[in-house]
Amino acid sequence: MPKSLIREHPSAELSGARAQAPSPGKNAAALAQAFDRAEERKVNLLKRADMLNGEQLAAELGLSRATVDNRRQEGKLLALEFGSKRGFRFPQWQRDLVEERDVRASFEAVLNRLAPVEPWSRYRFFVQSSPELDGRTPVEALRAGQGEAVLHAAETWAQAEQGGG
């Protein structure tokens with residue numbers, strides 16, 4: 001490329017040096033490493049004992065495996081995909097939220113509100129403390145019967161996740 005077409009950074013005029021743009025290869029490699037670390041963390045989380053497969057959750061809830069799968073498809077249970085051969089994993093904390101009718105209704109309303117958001121983001125919503133819930137997690141607040149507050153926090157979260165916040 002001819003020198004006349006290479007733009008110099010304004011401060012380069014003072015030093016006589018040409019400004020160096022960050023190397024695209026270096027940025028791409030760092031980004032790829034970050035994605036790899038995130039995937040590794042997801043896999044490790046999905047392997048934990050408190051991440052149940054459909055059969056395990058069905059046994060804990062006294063339901064059939066088909067009922068658990070139907071509820072997952074209807075958006076009434078949170079499931080995280082664990083690869084095509086391993087199926088889905090269900091966070092065990094859901095068991096407490098679906099056993100009692102009033103809590104289940106609130107939990108399902110929150111899941112419905114978060115439906116447009118990808119499953120990992122939904123998971124993060126439930127397990128991270130929220131300033132809107134006085135520092136508690138949505139799971140803790142739902143257990144305490146604060147379904148309306150959790151629903152409001154979910155609306156805020158979903159808007160932010162979808163770029164509206």
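This is a predicted model: local features need pLDDT of at least 70, side-chain atom pairs count only at pLDDT 80 or more; totals for chains, interfaces and linings use all residues.
Visitor: Got it. Which side chain does Arg124 meet in a salt bridge?

Guide: That of Glu161, with an N to O distance of 3.4 Å. Glu161 sits in helix H9 (residues 147-161) and Arg124 in helix H7, so the bridge ties together parts that are 37 residues apart in sequence. Glu161 is partly exposed too, because its relative accessibility is 39%.

Visitor: And the rest of H7, which residues are buried there?

Guide: H7 covers residues 119-127, and its buried residues are Trp120, Ser121, Arg122, Tyr123, Phe125 and Phe126.

Visitor: What happens at the start of H7?

Guide: There, Glu118 uses a side-chain oxygen to reach within 3.1 Å of the backbone nitrogen of Trp120.

Visitor: Back to salt bridges. How many are there in the whole structure?

Guide: A search turns up seven. One of them joins Glu60 and Arg95, whose closest N and O atoms are 2.5 Å apart. Glu60 belongs to helix H3 (residues 54-61) and Arg95 to helix H5 (residues 94-99), so this pair links distant parts of the chain, 35 residues apart.

Visitor: What does Asp96 pair with?

Guide: Asp96 forms a salt bridge with Arg143, and their closest N and O atoms are 3.1 Å apart. Asp96 is in helix H5 while Arg143 is in helix H8, so this bridge ties together parts that are 47 residues apart in sequence. Asp96 has a relative accessible area of 31%, so Asp96 is partly exposed; Arg143, at 43%, is partly exposed too.

Visitor: Which residues are linked with Glu60 in a network of salt bridges?

Guide: Arg95, Asp96 and Arg143.

Visitor: New topic! Where does Ser130 lie?

Guide: Ser130 is in the loop between H7 and helix H8 (138-143).

Visitor: Is Ser130 buried or exposed?

Guide: Buried, because its relative accessibility is 11%, under the 20% cut-off. A polar atom of the Ser130 side chain is 3.2 Å from the backbone nitrogen of Glu132. Leaving aside residues up to four places away in sequence, Ser130 touches Gly135, Arg136 and Ala153.

Visitor: One last thing. At what angle do H6 and H9 pack?

Guide: At about 10 degrees, with 9 Å between their axes; H6 covers residues 101-113. That angle is why H6 counts as roughly parallel to H9.

Visitor: Which residues meet there?

Guide: H6 brings Ser106, Ala109, Val110 and Arg113, and the H9 residues they meet include Val150, Leu151, Ala154 and Ala158. Sorted by class, this contact has six nonpolar, three polar and two charged residues.

Visitor: Why do residues three or four places apart in a helix point the same way?

Guide: Because an α-helix has 3.6 residues a turn.

Definitions and conventions. Residues are numbered from 1 along each chain as its sequence is written. Side-chain values use heavy atoms; hydrogens and water are left out. Buried means under 20% relative accessible area, exposed over 50%, partly exposed in between (1.4 Å probe, protein chains only). Helices (H or I, at least four residues) and strands (E, at least two) are DSSP runs, numbered from the N terminus. A polar contact is a pair of N or O atoms within 3.5 Å; within protein, one must be able to donate a hydrogen and the other to accept it, and residues adjacent in sequence count only if both atoms are side-chain atoms. Contact means heavy atoms within 4.5 Å. A salt bridge is a side-chain nitrogen of Lys or Arg within 4 Å of a carboxyl oxygen of Asp or Glu. Axes are lines fitted to C-alpha atoms, for helices over the stretch in contact, and angles run from 0 to 180 degrees between N-to-C directions. Angles under 35 degrees count as roughly parallel, over 145 as roughly antiparallel, 65 to 115 as roughly perpendicular and the rest as oblique. Ala, Val, Leu, Ile, Met, Phe, Trp, Tyr, Cys and Pro count as nonpolar, Asp, Glu, Lys and Arg as charged, and the others, Gly among them, as polar.
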